[in-house]
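The following exercises are to be worked with the sequence and the three-dimensional structure at hand. Each task is followed by a solution in steps.

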Amino acid sequence: MDYILQGFKEAIKLIFSLDKEVINIVSLSIIVSTSATILASLISIPLAVYFGIKKFKGKRLFSRITYTLMSIPSVIVGLVVAILLSRRGPLGYLDLLYTKKAMIIAQTLLVIPLVFGLTYGLTKSRGDLIEKVAFTLGANRWDTIILIIRELKIDILVNIATAFSRAISEVGAVMIVGGNIKGYTRVITTTISMMNSMGDYPMAIALGIILLIISFVIHSLIYSYSQED
Amino acid sequence: MEIKINNLEKYYDSRKVLDIDSLTIEKGKITGITGPNGCGKTTLLNIIAGLDKDYKGSITYDGLALNRQVADKMTLVFQKPYLFKRTVYENIEYPLKLRGMNKSEIRPRILDILKRLEIENLMEKKAHLLSGGESQKVALARALVFNPELLLLDEPTSNIDPEAIEILEREILRFNQETGGTVIIVTHNLEQSRRLGHRIIEM
């Protein structure tokens, strides 16, 4: 029990001492996961709204596949991206494996189904009425998509925050495509995993606390915004 | 806008909910549609508005089938209006912006319609937080502001106070008289149909 308490004390010290390594790891995590979440949102949200309001044959099957993909394991995404980016892979000439860009690509692919699925479900349940009103006022398909995004922005922001939480907390994909290289591709989760296997608990606990704080700050900001709105 | 309906049939699963051999809605007139619950009044309105395309038969609008140009000339006010999570002004501004009007044209139009419906004081209020009567006035203002050729109203005065009903009815009449726009109003209230309608259809 003592070593756990000791771990916590040292973790708090590490956080408040603004340890350079901790700052680098946290900054890289935020940059990679934020970039991936923004990219995934830009791609998925308009498409999810479009398919959410569109009536087409096979929509039930489409919905099931969409919801299944939401829980795709991060190691599978990491593996696929690693195969594609490996020297012998079709995108090997880009020389991206074990870089930050590869981590962003992997996390983007990981959270696209999540943002898409959540926004698609939201639009299916609440977009119909907005679409009808938009149509009666003269909106075309693109106007309607923009209107629905604006009307459901708080819920969509919550979806984005959920996607960010998934991105920043996953370990499988970034470990495979980033390689956990110190000072270059090492992020919070890969460090926690490594420190745990090395028995260095203070660092692991410190990064765990920071991960929770990041999540708390983001969700608090969205909560405050939704209250104002 | 003249509406001609021929051999219209609508089914929900295997149940027939609408069966109209022939019906013409005259241009420039107010037509009241009344009838008991479940007789298909709202369904008919949704079909005319182009919101429900799953039917048999034909509908023409001044001789044309429904297309984007036709749809742009008509609008529907729902029984429970959905107002956007913006100010009242921005709600009414929306259809004008869609039609590419510039700000200098938009503002006087909105101020005029707000005055007519006696809701100038609500201009900067968040529309989705208004009462039922206020919401219905804003929804009507949003529909009237672009002078549609066909105005479809689904129970526009249900559950609102008599004073608001008087204002809404007055503005519906004024719209019809001043612009010559065709109006179809679905209502339970036969008295209201008689007050407003040039013609009453009982379903």
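**Exercise 1. Identify the residues through which H9(A) meets H10(A), and describe how the two helices pack.**

Step 1. On the side of H9(A), the residues are A:Ile188, A:Thr191, A:Ile192, A:Met195 and A:Asn196; they meet A:Met203, A:Ala204, A:Leu207, A:Gly208, A:Ile210 and A:Leu211 of H10(A). Two residues are in contact if their C-beta atoms, placed from the backbone, lie within 7 Å.

Step 2. Helix H9 of chain A covers residues 188-198 and helix H10 of chain A residues 201-228; their axes lie 8 Å apart, at an angle of about 150°. H9(A) is therefore roughly antiparallel to H10(A), a term for angles over 145 degrees. Such angles run from 0 to 180 degrees between N-to-C directions, and the axes are lines fitted to C-alpha atoms over the stretch in contact.

The model is predicted: local features need pLDDT of at least 70 and side-chain atom pairs count only at pLDDT 80 or more, while totals for chains, interfaces and linings use all residues. Residues are numbered from 1 along each chain as its sequence is written, and chains are lettered from A and ligands numbered from 1 in the order in which they are written.

**Exercise 2. Describe the make-up of chain A.**

Step 1. Chain A has 10 helices and zero strands; helices (H or I, at least four residues) and strands (E, at least two) are DSSP runs, numbered from the N terminus.

Step 2. The C-alpha trace of chain A spans about 65 × 50 × 25 Å along its principal axes.

Step 3. Of the 229 residues in chain A, 39% are buried. A residue is buried if 20 or more other C-beta atoms lie within 10 Å of its own.

**Exercise 3. Which residues have the most contacts inside the largest nonpolar core?**

Step 1. A nonpolar core is a set of buried Ala, Val, Leu, Ile, Met, Phe, Trp, Tyr and Cys residues joined through C-beta atoms within 7 Å. The largest one has 112 residues, and A:Val81, A:Ala106, A:Val115, A:Val177, B:Ala141 and B:Leu152 have the most contacts inside it.

Step 2. H5(A) supplies the largest share of this core, 19 residues.

Step 3. Beyond its neighbours within four places in sequence, A:Val177 is in contact with residues including A:Val81, A:Leu85 and A:Ala106.

**Exercise 4. Determine the surroundings of A:Glu131.**

Step 1. A:Glu131 lies in helix H5 of chain A.

Step 2. A:Glu131 counts as buried because it has 22 C-beta neighbours inside 10 Å.

Step 3. Not counting residues up to four places away in sequence, A:Glu131 touches A:Ile53, A:Thr144 and A:Ile148. A:Leu147 is 16 residues from A:Glu131 in sequence, and their C-alpha atoms are 8.4 Å apart.

**Exercise 5. How many residues does each chain give to the contact between chain A and chain B?**

Step 1. Chain A gives 11 residues and chain B gives 15 residues.

Step 2. On the side of chain A, H5(A) gives the most, with seven residues.

Step 3. The residues on that side of chain A are six nonpolar, two polar and three charged.

**Exercise 6. Why is H1(B) described as largely enclosed by the rest of the structure?**

Step 1. Helix H1 of chain B has nine residues (41-49), and seven of them are buried, so the helix is largely enclosed.

Step 2. Among the buried residues are B:Lys41, B:Leu44 and B:Asn46.

Step 3. After H1(B) comes B:Gly50, with a positive phi near 85°.

Methods: Ala, Val, Leu, Ile, Met, Phe, Trp, Tyr, Cys and Pro count as nonpolar, Asp, Glu, Lys and Arg as charged, and the others, Gly among them, as polar. A residue is buried if 20 or more other C-beta atoms lie within 10 Å of its own, exposed if 12 or fewer, and partly exposed in between; C-beta atoms are placed from the backbone. Angles under 35 degrees count as roughly parallel, over 145 as roughly antiparallel, 65 to 115 as roughly perpendicular and the rest as oblique.
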